[in-house]
Amino acid sequence: MKIIGLIINPIAGMGGRVGLKGTDGIETLNKAIQLGAIKEAPNKAIKALRKLEPIKEKLLILTSSSDMGENQCKALGFNHEVVYKSNKITVFLDTLNAAKIMEKRGADLIIFVGGDGTARDIYNAVENRVVTVGIPAGVKIQSPVYGNTPELAGELALMYLKDGNLHIKEEEVVDIDEEAFRNNQVRTKLFGYLKVPYKKEWLQNKKAPTPLGEEESQKAIGLDIIDNMLEDIYYLIGPGTTTKAIMDQLNLPNSLLGVDIIKNKTIVKLDCNEKDILDILGNSVGKLIITPTGGQGYLLGRGNQQISPKVIEKIKKDNIIVISPNSKIVELKGNPLLIYTGDEALDKNLEGYYRIKIGYGMDIMYKVSVGH
Amino acid sequence: MKRIVRNSKVRDFHQARWNEPIIFELSRKGERGVLVPKAEADIVKQVGDGLSKIPSKMRRNGLPNLPEINQKRVLMHYLRLSQETLGGDVNIEIGQGTCTVKYNPKINDKIANTEKMTALHPLQDKSTVQGILEIIYKTDLMMREISGMNYFSFQPGGGSQATMSMASIVRMYHRLRGEEDKRDEIITTVYSHPSDAAAPALKGYKIITIMTDENGQPDYEAFKAAVSERTAAFVVANPEDTGIFNPRIKEFTDLITKAGGLNCYDQANANGLFGIARAKEAGFHMCYFNLHKSFGTPHGCGGPGSGALGVIEELRDYLPKPLVEFDGDKYFLDYDLKNSIGKVKSFQGSPQVVLKAYAWIMSLGAEGLYEVAKIASLNNIYLIKKLLEYKGLTVPYKVDTQRIEQARYTMEEITKDTGITSGDLARRVMDFGMHIWSSHHPYYIPEPLTLEPTETPSKDDLDEYIKTIHHIFDEAYENPEIIHNAPHNSTIHQVDETSLDDSEKWCPTWRVYLRKTKED
Amino acid sequence: MTIRGFKNHPYIPNSNLEVQQEMLRELGLESLNDLHVEIPEELKLKKALNLPKAFESEYELKRSINKIMNKNISSNEYINFLGAGCWQHYVPAVCDEINSRAEFLTGYAGEPYNDHGRFQTLFEYESLVAELLDMDVVNVPTFDWAQAAATSLRMASRITRRSEALVVGTICPDRLMIIQNYCDPGVEIKLINFNKETGRMDLEDLKKNISNNTAAVYFENPSYLGFLEDQGEEISKITHDRGAILVVGVDPSSLGVLAPPSHYGADIICGDLQPLGMHMNYGGNQSGFISTKDEERFVMEFPSRLFGIAPTIKEGEYGFGDIAYERTSFGNLRERGKEYVGTQTALLGITAGVYLSLMGPKGMYELGENIVQKSLYAIEELSKLKGVKGSRFNNIGFKEFVVDFNDTGKTVEEINGKLLFKGILGGKDLSEEFPELGQCALYCVTEIHLKEDIDNLVKAIREIIE
């Protein structure tokens, strides 16, 4: 018997049809309803759940009341249990609380239906402790934790539950500053990471080596960095799973979203703010290791504001080491990596070609430009 | 009778499907496939069975568990399996782009299959092998003219071994200059063949890859930023796997030369450049040709091939030993190469492949080689134009940049519209007796197809290929299910690959299969 | 200016002017000069290549090349006693029939569906060689024995994370050169002394040199010089006690009668497929195999392809695919021992499979027995000659043996020169490779030699040295 948690944010996506950019916040939602928006998410949930029918007999679905999952389970005749009830219009607290209960009840997998906001709520509840599958229904989908379509997400969940031998990776939960978004400004931010299963694409280049998977790449990059670390130098390890791999291989604790400082392969301080960094560095040499985070290829300026212009001026451009699995570079489709520290002159100065470390002993030359 | 109407737009094809057992299942105790000579009675009388003289711990206990099968059944088995293989001779071979699968003239095989080739031992006295040495030497001379290089070694057995040999020469070159430790980087480009990065990595080099600019050409500014006193060499293909030629190549190689590095040219596929442009004028110090690609020798399901490695005068002494030389009277093997990297392959590499390449060149001459390059390009440009008439298929970077002999396409839009991927297309195209192989690394281009017609298909062949691809695109929009479940008319159905990555379940040999699938 | 092309060439259908014009018109181009426009003028050749003129017919081509090739004297015209890594065996007709099939000959990199036959034949070859070796995993073949040995040593280095290999001192020097180049940098090769009387490995020297940095110990059976190394179990123990990996090279044609190295502790076995159905082709048909147990730590270090059997969606149908394909790029990242795959010698693997299917267990046994008897006979007969020792080493061998001419007062070069006049290709002169042996030659006797061939050899040498 497999236990899955099902969380539907029934209002996700309602804003889209009526020209609103998201439904976060009660006022926006009311406006959407006034404009005649209909619930999209429940139907999408059904599309995905249908894919689980072959293993129906072996499933117990923990879910929330009415259109937050209960109705959909009933409609398809799934064995289910309502573990969370809410009479109000769904707000973020429902997602958060339901996810927490499901984790406690030992869910093998949480399937959630929504958009970036929903992913954020799930992250806040379970962080990266439970494997999740996202069914896309929101207006904003920037976080790569979602399947491309409800059907594909359903298939992924089925494969994960059936054989359990899919690979697991941590994907970014990225969301946009909603206020700015409604003013037509796109600004994403990295909020955390969710664990998602993925199917390795069978890329059959049988004449040449296949590229390493993302996790193996990160490990390879980490080994390269460690093997080339200099003594008595501060290393600032920026946020992200790729930089985290360095710390993991040194068997050091680390803050996934923060800046950690190490020297001679031991911790100096975890999760530093700008002041910590400046204080620790003093007048000594430091090297900064960063990786693109927060979507859209940002190296600086998305979710790593601790690495301020002052910090960078102290470190100096030559001491910035950029690392990234090649798969992330491929996603850029040739667009440059971006920086936006807020200091125009500094940003200009930081532009140019960088060696991006993509594997052990493997670099690519890549362009870095000023973002906004 | 009535005229038989044949108006099907695409080929009504079905590949052979014999459903042959595994060879071990054909075993019948006591059957023999071939008889082996026995020692004469006088010998047996003198030395006995011989085997009892071998220490018992070195003798095999019992016989190896090989099958016992009569000759006809062995023959039938393998003939059936051959029919279940889509060789270049039986299909319009366009879909294995970068591999230059062209027509391999039968006469060349015939010439190489005589005892004057097959029954030569590699250590025979030179007076008894003047013929094959002459062929190797003359092929060397012709390769020199084709590339502008000064000496060739035919020792490497394929492209990756040739690239490894180039990297070995690079290492030895800098070692003898006392710069081995300092120069630890090799630069390549993103659309050069993946072996251009992999083989130097084996020789301990760090690899720096140059991305393309918006025109699909290696970004010169990025290249400039990468070249330094740590640069050992530049290993590159041109045109690259996209079919795009880098017109500034001389600026690239000049920069490397100035920085003290060596320029290595991956000309595995030189098909579009014969008689048009050469390694020498582009500033290269070394290059190699895959004889089993450009020079029309058979691929043999993956070898034996030959990666003919050419170098400039100054690098002659670094080549693997020995070289074939001519003293004006006799051909001989010259082992006196003082900086040689040693050897990369036994004896003289694959001389039978060199012989076939020699025959190929001699059937074409300078005018024929030029025609090869021109028609390989013409066929390619024609294929691009016609294929792109289908909305949704395109070539990345500038569409109007003329490709040389091959092109990488993207069907991303079709995939977006229909969900049919290039992998799906590869499976479906088999139902029409064709290939589209699934190798397009490094996957910067989504939903890629890499197509290389070479000079050997006719216009009719090209038209059939184009029609078939378009037909499948139509299916993607109208009847995608037929693609999802493809292949239908191939030898077997979709393989369940789940066991292949699991050490508990994978079965690399029959004995392991019998063990792991045993029912209790 | 325009360089002339070869029109209406049979290999280039669209060199037909009429079709060419039609295609150019379609493309809106005037002439073939409108192609290759992306190549800058300064890189373009301005005149035709200076190559010999093409033959104008297939007949003339064939006649001319045959004329050159007829200058060769094949090993079938003379009696051949050369081996040393390339051996003359009988090649059954069915082997030639199968590897000349156009589908195999011109196949390449199709998928498991339309190249099902390629996958199955190579899976069968792997399975047949596995039986011969009594091992579980065999790769799609690599270039040759030397490459197989070099890769085996790199695999061992990655598995053990150590950087030195101890190699038997009687290894073929050419093979050693290939191994050294391939393993440099990363794995250092050290040679272990051998006993001058028996040829066997000097175990004291092995014990002295083995250390915690030893990734692998490598020896061969039969050795390059023909004799058997029968201390396999002892070497295995010394190797494994130090946590190193035992790599053994083997001539597979011996395995109908000789114990496979897996029986005396080999972890990795390598060797050459050439004796299994391949013509000599002036050394062009060498083909290396590597074999291990079915353990993940070994399998994951193969750089080669491994074809495995798998079900298809249709009940009762065999399918095939690549086992653990991602490993081919993995390697031990730290030691940069990453290797690569590419075109190697697949067709020869297919041929070896056909050969073993034909030979069966009895064929391989009879082959081995015959070779042992014939070589013993040759050694005995040669030993009857004054000043000649039929076998330099006091040790039994297989197929090859070192004939000692030191006491004849003649050099091997001299003897071989005279043998050539008598239509005999004498054994390989070892005086340069192993100067400590003086005037010795490596002779090879296989099932192709009749008693009269050996008698002729003995008679000829007698005439030369007496």
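Biologist: How far apart do the C-alpha centres of domain 1 of chain C and domain 2 of chain C lie?

Modeller: In this predicted model, the C-alpha centres of those two domains of chain C lie 52 Å apart. The domain assignment gives domain 1 as 13–69, domain 2 as 79–88 + 365–465, and domain 3 as 93–355 in chain C.

Biologist: What makes the seven strands of chain C an open sheet, and which are the edge strands?

Modeller: The strands run in the order 2-8-7-6-5-3-4 with mixed pairing, and the edge strands, strand 2 (137–138) and strand 4 (188–192) of chain C, each pair on one side only. Within that sheet, strand 5 (residues 214–221) and strand 6 (residues 245–250) of chain C pair in the parallel sense over six bridges. Two bridges are enough for a pair to be counted, so strands 5 and 6 of chain C, with six, qualify as paired. One bridge in this region links E220(C) with G249(C) of strand 6.

Biologist: Which helices pack on the sheet of chain C, and what do they touch?

Modeller: Helix 5 (residues 116–133) of chain C touches strand 2, strand 7 (268–272) and strand 8 (288–292), and its direction makes about 65° with that of strand 8 of chain C. Helix 6 (residues 145–160) of chain C touches strand 3 (164–168), strand 5, strand 6, strand 7 and strand 8, and its direction makes about 165° with that of strand 7 of chain C.

Biologist: Why is N281(C) called buried?

Modeller: The cut-off for a buried residue is 20 or more other C-beta atoms within 10 Å, and N281(C) has 27, so N281(C) counts as buried. N281(C) lies in the loop between strand 7 and strand 8 of chain C, and its phi is near 50°, a positive value in a residue other than glycine.

Biologist: Why is E447(B) called buried, and what is its phi near?

Modeller: E447(B) has 21 C-beta neighbours inside 10 Å, and because the cut-off is 20 or more, E447(B) counts as buried. E447(B) is found in the loop between helix 13 (422–429) and strand 11 (448–451) of chain B, and its phi is near 45°, again a positive value in a residue other than glycine. Most residues other than glycine have a negative phi, and most peptide bonds are trans.

Biologist: Where are cis peptide bonds found, and what is omega in them?

Modeller: In chain B, the peptide bond from N238(B) to P239(B) is cis, with omega near 0°, and P239(B) is placed in the loop between strand 4 (231–237) and helix 9 (249–258) of chain B. In chain C, a cis peptide bond joins N221(C) and P222(C), with omega about -10°, and P222(C) lies in the loop between strand 5 and helix 9 (232–241) of chain C.

Biologist: How do you know that the radius of gyration of chain B agrees with that of a compact globule?

Modeller: With 520 residues, a compact globule would have a radius of gyration near 24 Å, and chain B has 26 Å, which agrees. The C-alpha trace of chain B spans about 80 × 70 × 55 Å along its principal axes, and buried residues make up 61% of the 520 residues.

Biologist: What do chain C and chain B each bring to their contact?

Modeller: The contact takes 168 residues from chain C and 178 residues from chain B. Helix 11 (residues 346–383) of chain C gives the most to the side of chain C that touches chain B, with 25 residues, and by class that side has 84 nonpolar, 47 polar and 37 charged residues.

Technical notes: Residues are numbered from 1 along each chain as its sequence is written. Chains are lettered from A and ligands numbered from 1 in the order in which they are written. This is a predicted model: local features need pLDDT of at least 70, side-chain atom pairs count only at pLDDT 80 or more; totals for chains, interfaces and linings use all residues. Two residues are in contact if their C-beta atoms, placed from the backbone, lie within 7 Å. Helices (H or I, at least four residues) and strands (E, at least two) are DSSP runs, numbered from the N terminus. Ala, Val, Leu, Ile, Met, Phe, Trp, Tyr, Cys and Pro count as nonpolar, Asp, Glu, Lys and Arg as charged, and the others, Gly among them, as polar. Axes are lines fitted to C-alpha atoms, for helices over the stretch in contact, and angles run from 0 to 180 degrees between N-to-C directions. The radius of gyration is taken over C-alpha atoms; the globule rule is 2.2 Å times the number of residues to the power 0.38. A residue is buried if 20 or more other C-beta atoms lie within 10 Å of its own, exposed if 12 or fewer, and partly exposed in between; C-beta atoms are placed from the backbone. Domain bounds come from an automatic or database domain assignment.
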